[in-house]
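Work through the exercises below with the coordinates open. Each task is followed by a solution in steps.

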Amino acid sequence: MINTYANFRDDVLPRIKRLGYNAVQIMAIQEHSYYASFGYHVTNFFAPSSRFGTPDDLKSLIDKAHKLGILVLMDIVYSHASNNVLDGLNMFDGTDGHYFHTGSRGHHSVWDSRLFNYGSWEVLSYLLSNARWWLEEYKFDGYRFDGVTSMMYIHHGLQVLYTTEFGDSPIS
């Protein structure tokens with residue numbers, strides 16, 4: 001069963017409080033293309049995932065957490081986005097590089113996703129306005145940023161860290 005915002009609010013938050021925790025990190029909040037991506041193939045950065053309930057259900061979850069003295073951190077994905085053309089930012093304006101790097105630099109080969117061009121003022125403005133929107137609209141207390149190494153290094157941190165399943169040569 002996939003848990004809902006309401007189930008998490010009613011059944012899980014009281015248990016978290018009872019166990020003495022004061023914060024929770026929630027992942028897969030942004031709308032994403034398929035469940036197996038664990039929420040990391042984001043298709044709509046300004047929409048909570050409809051898989052778990054309504055936007056008001058998410059707001060209610062966060063309000064209940066705050067009433068219990070629990071901070072709510074959002075696992076936010078700015079390291080990459082869905083490769084999908086029909087339901088995401090990829091090719092949004094018909095070009096390869098509106099939000100992302102063009103060519104191979106704009107594709108993450110291991111994650112099968114698109115890589116943002118942080119050198120673009122418009123991309124930075126889009127992502128920063130999105131971060132602010134989640135804080136203001138849903139009252140999240142902070143973030144855990146996914147894939148920071150991939151954001152910092154052109155080789156995405158994979159060149160030395162990972163090897164293929166059947167050999168010892170690094171993935172480049």
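**Exercise 1. Overall layout**

Task: Find what share of the contacts with a separation of 6 or more joins residues 24 or more positions apart, then describe the fold and its surface.

Solution. 
- Step 1. Residues 24 or more positions apart make up 63% of the contacts with a separation of 6 or more. A contact means heavy atoms within 4.5 Å.
- Step 2. Mind the ground rules: this is a predicted model, local features need pLDDT of at least 70, side-chain atom pairs count only at pLDDT 80 or more, and totals for chains, interfaces and linings use all residues. Residues are numbered from 1 along each chain as its sequence is written, and side-chain values use heavy atoms, with hydrogens and water left out.
- Step 3. List the elements. The protein has 5 helices and 8 strands. Helices (H or I, at least four residues) and strands (E, at least two) are DSSP runs, numbered from the N terminus. Their order along the sequence is α-β-β-β-α-β-β-β-β-α-β-α-α.
- Step 4. Take the burial. Of the 172 residues, 40% are buried. Buried means under 20% relative accessible area, exposed over 50%, and partly exposed in between (1.4 Å probe, protein chains only).

**Exercise 2. The core**

Task: Which residues have the most contacts inside the largest nonpolar core?

Solution. 
- Step 1. The largest one has 36 residues, and Phe8, Ile29, Phe45, Leu58, Phe116, Trp134 and Phe140 have the most contacts inside it.
- Step 2. Two or more residues each come from helix H1 (5–18), strand S1 (23–26), strand S3 (42–48), helix H2 (55–67), strand S4 (71–77) and helix H3 (121–138). H3 gives the largest share, 6 residues.
- Step 3. Zoom in on Ile29. Beyond residues up to four places away in sequence, Ile29 touches Tyr5, Ala47, Pro48, Ser49, Leu58, Met74, Trp134 and Phe140.

**Exercise 3. Around His101**

Task: Which backbone oxygen does the side chain of His101 reach? Then trace the salt bridge of Arg114.

Solution. 
- Step 1. His101 is in the loop between strand S5 (81–82) and strand S6 (107–108). With a relative accessible area of 15%, His101 is buried.
- Step 2. The His101 side chain reaches the backbone oxygen of Phe116 at 3.4 Å.
- Step 3. Contacts of His101 beyond four places in sequence include Asp96 and Arg114.
- Step 4. Arg114 and Asp96 form a salt bridge through their side chains (3.0 Å, N to O). A salt bridge is a side-chain nitrogen of Lys or Arg within 4 Å of a carboxyl oxygen of Asp or Glu.
- Step 5. Arg114 is in strand S7 (residues 113–114) and Asp96 in the loop between S5 and S6, 18 residues apart.
- Step 6. Arg114 is buried at 0% relative accessible area, whereas Asp96 is partly exposed at 26%.

**Exercise 4. A salt-bridge network**

Task: Which residues are linked with Asp75 in a network of salt bridges?

Solution. 
- Step 1. The structure holds 7 salt bridges.
- Step 2. Asp146 and Arg144 pair at 3.4 Å, N to O.
- Step 3. Asp146 is buried at 10% relative accessibility; Arg144 is partly exposed at 32%.
- Step 4. Asp75, Arg144 and Asp146 are linked in one network.

Definitions and conventions. Polar contact = N/O pair within 3.5 Å; in protein donor to acceptor, adjacent residues only side chain to side chain. Core = buried A, V, L, I, M, F, W, Y, C linked by side-chain atoms within 4.5 Å.
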